[in-house]
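Dear colleague,

I am handing over the structure below, and my notes on what was found in it follow directly after.

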Amino acid sequence: MPNAEYFAATELREALRLLAERGDQITVLAGGTDLAPQFNCRELRPQALLYIGKLGLNYIAADNGDLAIGAATTLEDIATSRLVSEKAPMVAQAAAEMGNPAIRNVATIGGNLVMASRAADMPPPLLALDAKLILVSQRGERVVPIGEFFKRAHKTIRLPDELLTEIRIPSVKGQTAFVRHGRRKVFSCCVASAAVRVVMDGGKCADARIVAGSMASTAIRCLGAEGVLNGKKLTSELAGEAAAQAVSECKPIDDERATAWYRRRVIKVLIERAINQARGL
Amino acid sequence: MKYVLSFTINGQPVETLAEPTASLLDVLRDNLDITSPKRGCESGDCGGCTVFVDGKAVPSCLTVALTVAGSEVTTVEGLMRDGQLHPLQREFYERGAAQCGFCTSGMLMAAKALLDHNPSPTRKEIAVAMSGNLCRCGGYIQVMEAIEAVAGRQREVKAEDSGGRE
């Protein structure tokens, strides 16, 4: 077994230096809830681990109306944060429905984003809220809209010398709703999820976001479904139409959790329910 | 390559060696002979490995051991005080909440995490707090009742302390 190395950086510039020098050999470790199973069954044998739990990236703050969440913030801190519940309730709700209490104590929002599982729960609400991600390296900092962060399942645009440090959620306008479906009520991976945001103007929908999770290689905005709602009064009939349109925009697969057939049926229900919940019904 | 790892386990300082990919579960069981946390799944899906790190319940099978350097780790072995069973252990024992015992260590730690944080939980709150602990013997009801009994008793003690003026 090759000798793996371990680094526990205590300052950001130390971490960035290591990533600049050896980023392609380094596996970044935060909570480890997604990496550790791979270590345990020897599926992943990293050359080097860089632990980022002591870099002070666990924070939730309001910054000029934006919500700033450090990448190493635990799901439990997000789920129980009054600030997140006030400013971006969908995100707190999604975090609270992930894993179990012990997992939530260590798993991080940044880890969920970077691992980019098809079934990741943080991307859908963040995509519906136009979140931005901050990637930092020795070369500087770049701000990436979350819609551009994911290439496909397990692949993001993060370069080997970059560290995801923060998630920024702009001040949320409109009403939101998040509905998630797993094989069990709790403690199960997402089979399908719907994250919806509607901004109303004069009784009509001015700006809709309809995001489907676990229905494609990444979380996706269902643009056609959004088009069904935009400019119109929101009725339950229209919600149904938008949900039906959304199904055709999804590319679900069969996997160990569910079949594509089942997912298509469920997502229609979830999106319709989320739109109605966002309307306040 | 093995690294030196120093932390506190159930109040005792300890120093051992661990590979970077070794889990806290590996170190507790294999290095330190602390066998209460169990290898139920090694993927975070059963709760049988639940221990405390710095007072918070964590899945030890998913915790990279080297990350607990300098921390306080608590396992079921650390629940007893002066030879006395912890109230949760006492209630589990008396109510038959342990059958084969495989899930019990994880159940006790998850239950303690709940009561440390919320001494008067509702049934729903207990169910959520215990949602990460699976039992193949099906012994959930007795676990629920044991936790409720401890919570109820803690309420009584608090009421007595405040002169019954709760």
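A crossing of two helices is called left-handed if the near helix is turned anticlockwise from the far one by less than a right angle, and right-handed if clockwise. By that convention, the crossing of H11(A) and H12(A) is right-handed. This is a predicted model, in which local features need pLDDT of at least 70 and side-chain atom pairs count only at pLDDT 80 or more, while totals for chains, interfaces and linings use all residues. Residues are numbered from 1 along each chain as its sequence is written, and chains are lettered from A and ligands numbered from 1 in the order in which they are written.

The axes of H11(A), residues 236-249, and H12(A), residues 260-278, come within 8 Å and cross at roughly 145° (axes are lines fitted to C-alpha atoms, for helices over the stretch in contact, with angles from 0 to 180 degrees between N-to-C directions; helices are DSSP runs of H or I, at least four residues, and strands runs of E, at least two, numbered from the N terminus). Among the residues making this contact are Ala246(A) of H11(A) and Ile267(A) and Ile271(A) of H12(A), where contact requires C-beta atoms, placed from the backbone, within 7 Å.

Ala212(A) touches Ala246(A), Ile267(A) and Ile271(A), among others, not counting residues up to four places away in sequence.

Between the chains, the contact takes 26 residues from chain B and 24 residues from chain A. On the side of chain B that touches chain A, the largest share, four residues, comes from E4(B).

Best regards

Definitions and conventions
Two residues are in contact if their C-beta atoms, placed from the backbone, lie within 7 Å.
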